[in-house]
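Okay, thanks for having me, everyone.

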Amino acid sequence: MQVLQKDHKKTFIETVTDYRINYAIQQLVNSDKSISDICFENGFGDLSHFYKLFKRKMKLSPLKYRKEFRKDIA
């Protein structure tokens, strides 16, 4: 009997969250908007939740990501 592997596709919510995080990354590196403005403009209703999701995906907080990115291009 053949064992089928589970399909590890993203849920709709995970896909939307990834899209929002990716757009937030663009805003972090291409603007001087505050982290909270970026958070709310990208549909996150809570700043701490945004930080948690961002850090889970990028392994850095949004502020640290911005600083590291700018340090690398300076």
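So, let's start at the largest pocket, which is lined by Lys10, Ile13, Glu14, Thr17, Asp18, Ile21, Leu53, Arg56 and Lys57. A pocket here comes from a 1 Å grid over the protein atoms alone: it is an open set of points where a 1.4 Å probe fits, with protein on both sides within 12 Å along at least five of seven lines, and a lining residue has an atom within 4 Å of a point. Before I go on, this is a predicted model, where local features need pLDDT of at least 70 and side-chain atom pairs count only at pLDDT 80 or more, while totals for chains, interfaces and linings use all residues. Residues are numbered from 1 along each chain as its sequence is written, and side-chain values use heavy atoms, with hydrogens and water left out.

Back to that pocket. Its volume is about 240 Å³, meaning the space filled by probe spheres set on the points, with grid points joined across faces, edges and corners. Two elements, H1 and H3, each give two or more residues to the lining, and H1 gives the most, with five. What kinds of residues make up the lining of the largest pocket? Three are nonpolar, one is polar and five are charged.

Now the overall layout. The protein has four helices and zero strands, so you read α-α-α-α from the N terminus on; helices (H or I, at least four residues) and strands (E, at least two) are DSSP runs, numbered from the N terminus. Of the 74 residues, 28% are buried. Buried means under 20% relative accessible area, exposed means over 50%, and partly exposed is in between, with a 1.4 Å probe and protein chains only.

Let's look along H1. The buried residues of H1 are Thr17, Asp18, Ile21, Ala24, Ile25, Gln27, Leu28 and Val29. What covers them includes H2, H3 and helix H4 (62-73).

Which brings us to the core. The largest nonpolar core has 13 residues, and those with the most contacts inside it are Ile21, Leu28, Phe44, Phe50, Phe54 and Tyr65. Helix H1 (12-30), helix H2 (35-41) and helix H3 (47-58) each give two or more residues to this core, and H1 gives the most, with five. By nonpolar core I mean a set of buried Ala, Val, Leu, Ile, Met, Phe, Trp, Tyr and Cys residues joined through side-chain atoms within 4.5 Å. As a general point, nonpolar side chains in soluble globular proteins tend to be buried together.

Zoom in on Ile21, in helix H1. Is Ile21 buried or exposed? With a relative accessibility of 1%, Ile21 counts as buried. Leaving out residues up to four places away in sequence, Ile21 touches Phe44, Phe50, Leu53, Phe54 and Lys57, where contact means heavy atoms within 4.5 Å. Ile21 and Leu53 are 32 residues apart in sequence, yet 8.1 Å apart in space, C-alpha to C-alpha.

Thr17, for its part, is buried, with a relative accessible area of 17%.

Over on helix H3 we find Lys57. Lys57 counts as partly exposed because its relative accessibility is 33%. Beyond its neighbours within four places in sequence, Lys57 is in contact with Asp18, Ile21 and Asn22.

Last stop: Lys59, in the loop between H3 and H4. Phi of Lys59 is near 70°, a positive value in a residue other than glycine. For context, most residues other than glycine have a negative phi. Lys59 counts as exposed, since its relative accessibility is 64%.

How values were computed
Nonpolar A, V, L, I, M, F, W, Y, C, P; charged D, E, K, R; others polar.
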